[in-house]
Amino acid sequence: MAILSQEEAQALMKKALSYSKADECEINFSGSNSGNIRYARNSVSTSGAVSTTSMVISSAFGKKLGVVTLNEYDDKSIETAVRRSEELAQLAPENPEYMPFLGPQTYGPTNPKLYDQKTAEMTPKQRADMVEASLNVAKESKLTAAGFLQNTGSFSAMMNSHGLFAYNKYSDINFSITMRTPDSLGSGYATKDYEDFNDMDTLKLTKIAAQKASGSVTAKAIEPGKYTVILEPAAGIVLLENLYGSLDARSADEGRSFLSKAGGGTRLGEKLVDERVNIYSDPADPRLPTSTWSGDGQPQQKVNWIEKGVIKNLYYSRYWAQKKGVKPMPGPGGVIMEGGEGSIEDLIKSTEKGILVTRLWYIREVDPQTLLYTGLTRDGTFYIENGQIKFPVKNFRFNESPVIMLNNLEALGKPERTVSGESFQSALIPPMKIRDFTFSSLSDAV
Amino acid sequence: MKRKDFLYLTGMGFGGAMLSRIPVIGAPISQEAALQGGIDVALKKRMADVALNAARSKGATYTDVRIGRYLREFVVTRENKVQNVVNTESYGMGVRVLADGCWGFAATDRMDNDSIARAAADAVAIAKENARLQSEPVQLAPQKGYGEVSWKAPIEKNGFEVPIKDKVDLLLKVNDTAMKAGANYVTSIIFLVNEQKYFASTDGSYIDQDIHRIWPTFYATKIDQKSGKFITRNALSAPRGMGYEYLMPRDSDKIKGMPTMLYRDRYDMIEDAGLAGLQTGQKLAAKSVEPGKYDLILDPTNMWLTIHESVGHPSELDRVLGYEANFAGTSFLTLDKWKSGKFNFGSKNVNIVADKTQPGSLGAVGYDDEGVKCGKWDIIKDGTLVNYQTIRDQAHILGLNASQGCCYADSWNDVQFQRMPNISLQPGKAPLTPSDMIKNVEKGIYIIGDSSFSIDQQRYNFQFSGQLYYEVRNGKIVGMLNDVAYQSNTQEFWNSCSAVCDERDYRLGGSFFDGKGQPEQVSAVSHGSSTARFNGVNIINTARKI
């Protein structure tokens, strides 16, 4: 029941709309099935399966909106919910920023890779087999594994009284693994996220984490300061997402964004970072397929956010776009940053002195004015000298802004698909070599 | 409700950018539906028994069932506009089983007998499949059944019964007051939670609980358009395990005589907003801090987060053992340190207790999410590590014959696991007020309110900021500072604790969104303290140019 086909979803949403007496009515309908295994200390700790659906009915009279939800879809339940949303709308305060629902939209073709039925319907045995492969690495290498594997199948749909209809199905498999040495002196990490479980190689990823763990024992303390760093994609994404997630036009126009200019106006069109930086989103890219529509029903299409270091687009809510007389623009879904052709190993080879960073952790904003963030390295930090990894180093706390970081760009490697350990969103990000990255203190944590 | 969903519903996120891949927006309901009584307890017992019997028939040796109805209400305003009024409901059942010595879990929002029985069977099938990956069977501490019992949060006024108009009027007055006092932009929010939870297990417990939480907050921003600078002062409220009475201010709950008004068990949101409006201007004009070593005087509005991160998390036994190694991390408070009975966590002034019964706290319940009656115990005694936080399948590791009642799941569709109880610094025994404390400081910074926070994965190295920073020179506050963050190592920091004010200054802070676990779950927890002083802490300057 949890994953409805387009026709099944459409039929129920049409029924809901047929009961509407409001000026406008919109239905959002979604559902998912997911299963997971979590393990630690070389053994399963928890696992589970969850199935859920939800229909959200929004009714509007003028600028007054009422919203209700239901998860029972017989005629009486749907009609009752529609009536209730209308009653609520009549009682609601008027919202001067209310925007009427969108009319019919033209969406690009749904990427066929967005949904893989076998991934959506993985069995407990399939999940256990994938985890077993990972646990076997731990046993053979005498390391301790802690990991998480989750598969999800879901759908979301939207229909309104102005004729808009949108539907997508999604599948997802997510895996992350931390391997630690029994003396707790070494730790390594790897993570990936895909639509198709055939792309997920838990064995290969666990071996990478194991290699990092074994290689990171006897870490030396070196002085904090400014260093050349190589950020692996899993490390770089957690800083970059705070940059491309902050390209909001309204904040910039109102003067409360790193994109606001002294004296008024925004930095749209300005070259803000190194000219080799190109960041865009494209739902049709087969390497990172994403939804063809945004949460408010706007079509998602290819958008250049930063081109040759210049801020090319900001995202505009429908209200703010109307106020400013521009076209509305949803925020990016599935971000791609262009890079070069070299591997992480190539970046290491070209580094005289530097630090390789596997993962960044506990990223928090310190100052929104400069997009300054703090956080720490984790699970595999190594000193590089004359093109080779020389020894593991203790972890650092950093205080750095992604804007400053992208101005100190030395080199980019080949982009890889990765997933953020903070937001759990995926992106295609190159490994980055950055000079003068600010480490402000040392951490004894392993 | 995950933190990112809260940010989305309150319009404080990244304009939806981070959520656009799968546009799921939660489950709003009407105000009227939120006021409807809970599910009939007899019906819940019948549904629970269906699950318990189904699991037993499939081979489970232990089963617990959680039926949850979770109500949430957000009222969000911005300047003179109502941005959002959302009531959400989440209702369903989670079934956890032990079969072949392994845990299994499944959840459903279809509450008919067939769906419930199917969820129970799925949980058993998962447990049996995973048992081959298990290195040793789960050991569950014994727990007596309590029969049919109930617990209700001792609230005075149910926030869901207060008309939306009253909440909107309050928030619009908050915004107006802050703007008249100098702020250019204000977002204000009232966030209400009611967890109606029913727990049943094969131990013979049928526990019905009704839990309430409230979080009123605002964000006031001032912009100097000429320089392009902007600064925000957030509300100094604490989220609380209280009803709407928290927003009915009483003079007796105000801590006066400090540079801003501070609040104990009732919060004057309008007064705080007016002060915030003034202080945004003062913050814009404040001088940038000179980095170096300072004595820090930390108000409970700042202290709570430092306690949470540097004491609450490292004393979680699941982290100590390695269960969180892949996500939230492990802990420097390893078992050998506890076994020694001598591990010097902090100075003699540091006494920290765990308490899941503290009235008005976010973590207060009668029973945890595996049917264990809640209590209070020491974690740090006179500066020494004496205990951890445990659940039923961990108790044997500490040689305990019962759980400490620290199990929680943030929804019926999430599996329960170890979460921290309220963890609080005990007040000093000698009479001491914050004013007295400041008089004894030669070079220091008095910090009020919480802001940026980050700590490493074993809870050693941390960096915290605040809302208001006051420079202290030779026993007097001499002005306001900006660009301040303090960095320390947990053990060094708590050993530098040179004084804690007495119980007259004791207040609760807390979080609605303490994240942990995979899939990530949040829990709400309070941390109490009186103002405390820490000598010689490293201050960094966070100003940058881009």
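**Figure 1. A salt bridge between Arg78(B) and Glu254(A) in the predicted model.** In this predicted model, the side chain of Arg78(B) meets that of Glu254(A) in a salt bridge, with 2.3 Å from N to O. On the side of chain A that touches chain B, strand β2 (residues 43-61) of chain A gives the most, with 13 residues. By class, that side of chain A holds 39 nonpolar, 50 polar and 28 charged residues.

**Figure 2. The interface of chain A with chain B.** Contact between the two chains involves 117 residues of chain A and 88 residues of chain B. The size of an interface is often expressed as the accessible area that is lost when the parts come together. Chain A and chain B bury about 8400 Å² between them, and 52% of this area is on carbon and sulfur atoms. In chain A, the residues that lose the most area to chain B are Arg38(A), Arg41(A) and Arg256(A), which together account for 8% of what that side buries.

**Figure 3. A salt bridge within chain A, between Arg250(A) and Glu97(A).** A search of the whole structure finds 57 salt bridges over all chains, and the view shows one of them, in which the side chains of Arg250(A) and Glu97(A) meet at 2.9 Å, N to O. The pair links distant parts of the chain, since Arg250(A) belongs to helix α7 (residues 249-254) of chain A, while Glu97(A) lies in the loop between α2 (75-91) and α3 (117-120) of chain A, 153 residues apart.

**Figure 4. The second largest pocket and its lining.** The volume of the second largest pocket is about 870 Å³, and of the 30 residues that line this pocket, Ile208(A), Lys212(A), Glu232(A), Ile344(A) and Glu416(A) are the closest to its centre. At least two lining residues come from each of several elements of chain A, among them β6 (187-194), α6 (233-244), α9 (344-349), β12 (353-367) and β17 (416-419). The largest share, 6 residues, is supplied by α5(A), a helix that spans residues 202-215. Sorted by class, the lining of this pocket comprises 13 nonpolar, 7 polar and 10 charged residues.

**Figure 5. The largest cavity, with lining residues from chain B.** The whole structure contains 9 cavities of 30 Å³ or more, and about 140 Å³ of space lies in the largest cavity. This cavity is lined by 19 residues, of which Lys356(B), Leu362(B), Gly363(B), Tyr408(B) and Ala524(B) lie nearest its centre. In chain B, β6 (185-201), β7 (205-224), β16 (407-408) and β27 (521-529) each supply at least two residues of the lining, and β27(B) gives the most, with 3 residues. The lining of the largest cavity divides into 10 nonpolar, 2 polar and 7 charged residues.

Figure 6. Most residues other than glycine have a negative phi, and most peptide bonds are trans. The peptide bond from Gln518(B) to Pro519(B), however, is cis, with omega near 0°, and Pro519(B) is placed in the loop between β26 (507-516) and β27 of chain B. In chain A, Lys308(A) has a positive phi of about 50°, although this residue is not a glycine; Lys308(A) is found in the loop between β9 (303-307) and β10 (310-311) of chain A.

Definitions and conventions:
Residues numbered from 1 in each chain as written. Chains lettered and ligands numbered in written order. Predicted model: local features only at pLDDT ≥ 70, side-chain atom pairs only at ≥ 80, totals over all residues. Heavy atoms only, no water. 1 Å grid on protein atoms, 1.4 Å probe; cavity = no way out; pocket = protein on both sides within 12 Å on 5 of 7 lines; lining within 4 Å. Points joined across faces, edges and corners; volume = space filled by probe spheres on them. Helix = DSSP H or I, 4+ residues; strand = E, 2+ residues; numbered from the N terminus. Nonpolar A, V, L, I, M, F, W, Y, C, P; charged D, E, K, R; others polar. Contact = heavy atoms within 4.5 Å. Buried area = accessible area lost by both parts, 1.4 Å probe. Salt bridge = Lys/Arg side-chain N within 4 Å of Asp/Glu carboxyl O.
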